[in-house]
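Below is a report on selected local features of one protein model. The sequence and structure come first, and the notes follow.

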Amino acid sequence: MNRPVPRRVAALTAAATTAGVLSVLGVLSAAVPAAADGGPVITLRTPATVAVPTAAASGVATSVEPQLTFTTDSRSVSTEVTITIDARKLAAIADVSFSDNCTVQSSVATCDEYFYDDNPTGGQLGAITRLTVSARAGVAPGATAPYTISGTATSGSFVGATGTVTVGGPAFDQSPTTDHTGLPVGSTVSEPVEFTNTGDRPAAAAEALLTASPGLTFADHYSNCVYSSVPDYREAEMALCAFPQPIHVGERVALSAPVTLHVTSTAYYTYLDTLTVPKGGDPYMQSVLASRTWTKGTGGTLGLTVEDPGRTITTPVGTVQLQLADDHSDGRVAALQAANTADFSVTGATAQGAQGDTVTLAFSMTDKGPATIFYRSGESIGVTVTPPPGTTVTGSSANCRPENDEPETVAHGPYDCADDYLIPAGHTSDFSLTLRVDQVVPGAQGSVAMAWSPDGSWRPPFDTDPSDDTAALVLN
């Protein structure tokens with residue numbers, strides 16, 4: 001579960017592009033001035049502070065790339081930018097290298113970028129400029145230095161920023177959680193959470209973010225945790241717990257009680273994500289706190305039990321976590337599958353039209369429950385549509401598209417109509433095709449069918465009723 005720094009901001013933005021999260025990212029970026037020549041303003045968001053390890057750390061990445069995120073205020077961008085990265089102060093504590101689009105002299109890199117995008121998603125732009133940082137031998141943990149990024153654009157203007165690198169840090173390497181299947185609806189399931197500080201600096205305190213997908217709710221609400229609920233969202237339940245105790249180098253700790261979850265009537269593919277980090281140094285925690293509404297728990301206190309005390313050293317505490325190596329992680333996912341079902345059904349449509357007329361066929365897909373279905377992989381759930389003969393497709397709802405771009409398919413189908421990767425119990429997805437009647441064929445019949453597999457040979461185990469998976473689209 002390791003991700004580029006900041007590890008979880010990118011993951012959150014990709015898995016869930018909610019307005020709340022995007023507004024938080026906007027707050028984190030610098031104020032954007034108007035371009036003097038009326039062209040686009042390219043802005044570098046202030047990079048999150050990154051930590052690079054000394055040889056005393058284990059299970060961590062030896063080098064780190066600060067994440068450089070460029071945004072724009074324009075709906076269309078086409079500009080060349082010369083980016084200057086001044087790493088002279090940083091070079092005193094770290095070895096720094098740059099991407100191939102840069103030329104370097106005395107730890108100052110000049111990098112050529114070309115930003116082109118007709119419709120930047122969320123205002124974010126792709127870039128190739130990178131810097132890679134590793135600690136210099138002999139530099140003591142706690143040393144910190146900045147680097148500065150500025151630039152000029154051939155059209156519009158560029159707003160730079162300053163980033164910071166610190167040497168050493170805690171590294172909370174979390175033990176794997178346990179998957180479960182066949183969980184009865186109405187039961188509870190418990191997940192122990194344990195982690196070890198394999199870094200080279202202690203942490204003054206820790207926090208844990210617990211995230212449950214739809215179908216799970218927290219059985220306990222501790223006083224040192226805050227809770228947030230957004231039903232029918234992939235992060236349906238969240239708990240953020242604070243532990244005001246030091247985590248020494250080499251120390252192994254566990255939550256004093258396992259995370260206990262109720263399995264509700266809507267559970268099927270459900271998950272518990274557990275994330276453990278030093279308190280105060282993770283930008284993802286800040287964005288999550290700002291993007292949701294939280295309520296303090298009223299129960300007892302959830303603590304940390306020391307399983308192995310590690311060692312006490314004089315190295316200063318750190319708040320920025322080291323990036324863990326690929327076979328280690330500060331976050332784990334437990335797959336908790338319930339013994340439940342979800343019956344998906346489709347409705348067809350009927351229309352009348354003379355030759356040359358244009359008609360619209362509106363149809364739908366419904367998850368009749370009781371389970372909510374969540375495809376964590378991101379695969380959408382939808383239907384395959386075959387238009388009635390004697391027609392040409394002239395339009396469709398935004399959630400329908402031809403199976404391929406061949407002219408015959410575009411004109412006559414079949415079409416794929418899809419909703420989302422998370423379909424709540426009771427939710428109906430509406431679709432439509434607009435057809436021109438080329439030839440009147442009495443009782444012309446097409447179809448709409450659940451797209452379980454291209455040839456119909458597979459269906460999911462949660463839907464055991466095939467009788468409502470297909471419906472007719474009838475014209476004349």
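N476 is partly exposed, with 21% relative accessible area; this class lies between buried, under 20%, and exposed, over 50%, for a 1.4 Å probe and protein chains only. The residue N476 belongs to the segment after strand 38, where strands (E, at least two residues) and helices (H or I, at least four) are DSSP runs numbered from the N terminus. Its phi is near 65°, a positive value in a residue other than glycine. The model is predicted, so local features need pLDDT of at least 70 and side-chain atom pairs count only at pLDDT 80 or more, while totals for chains, interfaces and linings use all residues. Residues are numbered from 1 along each chain as its sequence is written, and side-chain values use heavy atoms, with hydrogens and water left out.

Most residues other than glycine have a negative phi, and most peptide bonds are trans.

| Site | Feature | Value |
|---|---|---|
| D232 | positive phi | about 65° |
| G369 and P370 | cis peptide bond | omega about 5° |
| G413 and P414 | cis peptide bond | omega about 5° |

D232 sits in the loop between strand 19 (225-229) and strand 20 (237-243) and is partly exposed at 47% relative accessibility. P370 is part of strand 29 (residues 358-370), whereas P414 lies in the loop between helix 4 (407-412) and strand 34 (415-418).

Leaving aside neighbours within four places in sequence, V385 touches F363, P414, Y415, C417, L433, S447, V448 and L473. V385 is one of the residues with the most contacts inside the largest nonpolar core, which has 37 residues; F344 and F363 are others. Such a core is a set of buried Ala, Val, Leu, Ile, Met, Phe, Trp, Tyr and Cys residues joined through side-chain atoms within 4.5 Å. Another core, of 33 residues, lies apart from it and includes L68, I93, A109 and A127.

There are 15 aromatic pairs in the structure. Rings of Phe, Tyr and Trp (its six-membered ring) pair if their centres lie within 6.5 Å; planes under 30 degrees apart count as stacked, over 60 as edge-to-face and the rest as tilted. Y114 and Y116 are stacked because their ring centres are 6.4 Å apart and their planes meet at 20°. Y269 and F462 pair edge-to-face, at 6.2 Å between centres and 90° between planes. Y269 lies in strand 23 (residues 269-278) and F462 in the loop between strand 37 (444-450) and strand 38 (470-475), so this pair ties together parts 193 residues apart in sequence. F462 is buried at 1% relative accessible area, whereas Y269 is partly exposed at 22%. Both belong to a cluster linked by ring pairs, together with Y268, F344, Y375 and W452.

N101 occupies the loop between strand 5 (94-98) and strand 6 (102-105), and at 15% relative accessibility N101 is buried. Its side chain makes polar contacts with the side chains of S99 (2.5 Å) and T129 (3.0 Å). A polar contact is a pair of N or O atoms within 3.5 Å; within protein, one must be able to donate a hydrogen and the other to accept it, and residues adjacent in sequence count only if both atoms are side-chain atoms.

How values were computed: Contact = heavy atoms within 4.5 Å.
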